[in-house]
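Subject: Structure handover and findings

Dear colleague,

Please find below the structure I promised to pass on to you. My notes on what was found in it follow directly after.

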Amino acid sequence: MSDVGLRRRRNEDAVALAELPGGACAVVCDGVATAPGSEEAARRAADAAAAVLSGRVAAGMDPRAATRAAVERAAAVVAGLGGEPGSSPACTFVSAVVDPSGVTVGWVGDSRAYWLSAAGSCVLTRDDSWAEAMVEQGAMSAEEARADARAHQITAWLGADAGPVEPHVAAFRPVAPGLVVVCSDGLWNHLPEAARLAAVALGGDGPAGAARRLLRAALDAGGHDNVTVAVLPGPPPGAGRERGR
């Protein structure tokens with residue numbers, strides 16, 4: 001689901017989903033509002049990445065390799081839109097592949113993926129942002145960094161001026177049934193903690209109901225930005241890949 005929110009004139013988020021043998025994949029891209037043409041960048045990136053993911057995973061490629069290929073294709077598509085130096089169309093990227101063996105996520109920027117389950121919930125991604133960089137460097141505490149006005153400045157993105165794109169890729173093996181949530185910061189800025197998202201999403205009426213409730217919660221909290229969320233049912237517990245980068 002995707003909504004313009006309560007304070008924006010247009011929706012610069014995009015979401016694409018595709019069915020896979022025994023699962024599904026989702027891609028969410030968030031256009032950078034300060035860069036002209038970012039609405040088109042997000043849409044083209046999401047569509048291109050979902051096509052690569054669905055095609056390559058269905059053909060037997062490891063989801064981690066398919067995710068890297070999907071980011072590479074999305075980055076090339078956005079870079080090809082051109083634009084003036086310093087104002088090229090740009091967007092963030094996050095994807096999830098869910099199949100019987102586990103969950104594979106990939107990201108560039110600050111759009112996020114979460115695992116939500118009654119047995120325990122967590123964030124599967126780590127933001128490419130100024131705040132996270134400060135914390136990682138040991139320059140500031142998490143509380144100090146996230147209270148700074150620069151906290152949400154992204155340090156990686158897709159676009160002609162992004163330089164070499166190095167996606168993060170992680171695999172996660174659930175130990176219980178749950179939901180994978182892929183979203184733009186229009187959702188997680190209002191509900192950043194996985195436990196808060198789980199309290200809203202886990203209602204027993206499936207992914208569609210969870211997506212509706214999460215969108216409503218973001219709007220009720222102020223809807224300051226475009227809100228986009230994709231929810232995929234988690235795979236059954238069983239043998240699969242361990243989480244890793």
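In what follows, a residue is called buried when its relative accessible area is under 20%, exposed when it is over 50%, and partly exposed in between, with a 1.4 Å probe and with protein chains only taken into account. By that scale L81 is partly exposed, because its relative accessibility is 24%.

Please keep in mind that this is a predicted model, in which local features need pLDDT of at least 70 and side-chain atom pairs count only at pLDDT 80 or more, while totals for chains, interfaces and linings use all residues. Residues are numbered from 1 along each chain as its sequence is written, and side-chain values use heavy atoms, with hydrogens and water left out.

As for the chain as a whole, the secondary structure comes to 7 helices and 12 strands, where helices (H or I, at least four residues) and strands (E, at least two) are DSSP runs numbered from the N terminus. The radius of gyration is 17 Å, close to the 18 Å that the globule rule gives for 245 residues, so the chain is as compact as a globular protein of that length; the radius is taken over C-alpha atoms, and the rule is 2.2 Å times the number of residues to the power 0.38. Along the principal axes, the C-alpha atoms fill a box of roughly 50 × 40 × 40 Å. Of the 245 residues, 51% count as buried, and of the contacts (heavy atoms within 4.5 Å) with a separation of 6 or more, 71% come from residues 24 or more positions apart.

To return to L81, this residue lies in the loop between α2 (63-79) and β4 (90-91), and, leaving aside neighbours within four places in sequence, L81 is in contact with E40, A41, R44 and P89. L81 and V28 are 53 residues apart in sequence and 19 Å apart in space, C-alpha to C-alpha.

Not counting residues up to four places away in sequence, V165 touches V71, A75, V108, W157 and L158; V165 and V71 are 94 residues apart in sequence, yet 8.4 Å apart in space, C-alpha to C-alpha.

Two helical residues may also be set side by side. M134, in helix α3 (residues 130-137), is buried, with a relative accessible area of 16%, and M134 touches A139, M140 and A145 when residues up to four places away in sequence are not counted. A147, in helix α4 (residues 142-147), is exposed, with a relative accessible area of 68%.

Finally, how many disulfides does a search of the whole structure find? The search finds 0 disulfides, a disulfide being a pair of cysteine sulfur atoms within 2.5 Å. For C122, the nearest cysteine sulfur is that of C183, 13 Å away, and C122 is partly exposed, with a relative accessible area of 24%. C183 is likewise in no disulfide, the nearest cysteine sulfur being that of C29, 13 Å away, and C183 is buried, with a relative accessible area of 0%.
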